[in-house]
Amino acid sequence: MYRILAVEDDSIMANMLGHVVRAEGFEFFTCAEGGPAADLALREKPDLIILDVHLPDMDGPEVCRRLKADARVRHIPVIM
């Protein structure tokens, strides 16, 4: 089963994304802030990361840069 991490601070959007991807048979989990996203990605090993551009603690491009700078998670595709 494929695993998808959504880094999304809007709970309505996160719930909608979760509903859609779970209905297709994917495992889905969320993180509401960019800072903890890399740690969560390391722990959960998602197959895809859906990343919001505007987050409360840092912007999406910075989160993406941090993810891609870490050899342990840089292979994971990111959709912003």
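Leu-51 touches Val-7, Gly-60, Val-63, Cys-64, Val-78, Ile-79 and Met-80, leaving aside residues up to four places away in sequence. The model is predicted. Leu-51 is also among the residues with the most contacts inside the largest nonpolar core.

**Nonpolar cores**

- The largest nonpolar core has 18 residues, and those with the most contacts inside it are Leu-5, Val-7, Ile-49, Leu-51, Val-63 and Leu-67.
- Two or more residues of this core come from each of strand E1 (3–7), strand E2 (27–31), H2, E3 and helix H3 (60–69).
- H2 gives the largest share, five residues.
- Another core, of six residues, lies apart from it and includes Ile-4, Val-21, Phe-28 and Leu-48.
- In soluble globular proteins, nonpolar side chains tend to be buried together.

**Cysteines**

- A disulfide needs two cysteine sulfur atoms within 2.5 Å, and by this rule the count is zero.
- Cys-31 is in no disulfide, and the nearest cysteine sulfur, that of Cys-64, is 15 Å away.
- For Cys-64, the closest cysteine sulfur is in Cys-31, and the 15 Å between them is too far for a bond.
- Cys-31 counts as buried because its relative accessibility is 10%, under the 20% cut-off.
- Cys-64 is buried too, with a relative accessible area of 17%.

**Lys-45**

- Lys-45 lies in the loop between helix H2 (37–44) and strand E3 (48–51).
- Although Lys-45 is not a glycine, it has a positive phi of about 50°.
- The relative accessible area of Lys-45 is 49%, so this residue is partly exposed.

Terms used. Residues numbered from 1 in each chain as written. Predicted model: local features only at pLDDT ≥ 70, side-chain atom pairs only at ≥ 80, totals over all residues. Heavy atoms only, no water. Buried < 20%, exposed > 50% of the residue type's maximum accessible area, 1.4 Å probe, protein only. Helix = DSSP H or I, 4+ residues; strand = E, 2+ residues; numbered from the N terminus. Core = buried A, V, L, I, M, F, W, Y, C linked by side-chain atoms within 4.5 Å. Contact = heavy atoms within 4.5 Å.
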